[in-house]
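Please keep the sequence and the model in view while reading.

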Amino acid sequence: MRQPTMIAPSILSANFARLGEDVARVVSAGADWIHFDVMDNHYVPNLTFGPMVCEALRPFAGEAMMDVHLMVEPVDALVPSFARAGAGLISFHPEASRHVDRTLAMIREQGCQTGLVFNPATPLEWMDHVMDKLDLVMLMSVNPGFGGQSFIGSTLPKLREARRRIDAYVRETGRPIRLEVDGGVKTDNIAAIAAAGADTFVAGSAVFGSPDWGVTIATLRAAADH
Ligand code: DX5
Ligand code: ZN
């Protein structure tokens with residue numbers, strides 16, 4: 001019961017000296033969502049951008065949704081700021097919030113979709129009691145903090161298990177939940193990742209590091225849908 005494929009290029013691998021232009025170009029190249037990696041040098045050992053940059057880029061994204069991935073601790077204070085800055089979906093890591101259920105409720109109250117993110121070693125049990133508040137489950141296939149890392153193979157069985165849990169929930173309630181994968185997604189492994197159950201794919205270096213973003217996005221989509 002996968003949802004229609006979404007390709008979400010991560011602008012972590014874009015050119016930071018011309019982010020607006022790169023966002024507009026990657027949307028014309030076929031990006032469905034813009035993946036916006038927020039790092040705080042506390043939850044992860046790197047520092048990127050915040051709500052003001054999201055707000056400045058939003059007009060360049062056109063129809064594409066801002067998929068805001070918070071790698072920050074604490075989480076809650078940034079939720080209203082990103083909602084005002086035009087985020088369509090806000091995801092966060094459960095270890096970074098004292099009250100996961102409350103943070104999820106806050107994201108919805110602010111009019112955004114919710115996502116819960118699982119690091120490679122984070123057990124899927126974190127989703128058990130909050131399924132009703134989830135619009136998306138995201139599995140990290142690298143340790144968060146940097147683009148351009150290699151896909152961790154144990155993500156594939158974990159994706160199959162996440163898919164099983166989501167499908168059981170959808171059968172019971174009829175309400176869909178997306179399954180996104182983030183880290184090391186390339187044209188040569190996306191088919192296997194999709195076969196394991198993912199329907200939403202972050203790709204940073206694979207898209208922005210390629211000579212023709214449009215061809216790369218089309219190749220990723222075709223392989224995911226095959
Ligand atoms: C890592 C980020 C990812 C990363 C993906 O912390 O959450 O979104 O930028 O980049 P690639 O696709 O290059 O692994
Ligand atoms: Zn990310």
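**Salt bridges in the predicted model**

Arg-221 counts as partly exposed, since its relative accessibility is 23%; the term covers values between buried, under 20% relative accessible area, and exposed, over 50% (1.4 Å probe, protein chains only). This is a predicted model, in which local features need pLDDT of at least 70 and side-chain atom pairs count only at pLDDT 80 or more, while totals for chains, interfaces and linings use all residues. Residues are numbered from 1 along each chain as its sequence is written, and side-chain values use heavy atoms, with hydrogens and water left out.

Arg-221 forms a salt bridge with Asp-32, their closest N and O atoms lying 2.9 Å apart; such a bridge requires a side-chain nitrogen of Lys or Arg within 4 Å of a carboxyl oxygen of Asp or Glu. Distant parts of the chain are linked by this pair, as Arg-221 belongs to helix α8 (residues 213-225) and Asp-32 to the loop between α1 (19-28) and β2 (33-39), 189 residues apart. Asp-32, at 22% relative accessibility, is also partly exposed.

Arg-163 pairs with Asp-167 in a salt bridge, again with 2.9 Å between the closest N and O atoms. Because these two residues stand 4 residues apart in helix α5 (residues 155-173), about one helical turn separates them. Arg-163 also meets Asp-199 in a salt bridge (3.2 Å, N to O). Asp-199 lies in the loop between α6 (190-195) and β8 (200-203), 36 residues from Arg-163. Arg-163 is buried, with a relative accessible area of 8%, and Asp-199 is buried at 0%.

Terms used
Chains are lettered from A and ligands numbered from 1 in the order in which they are written.
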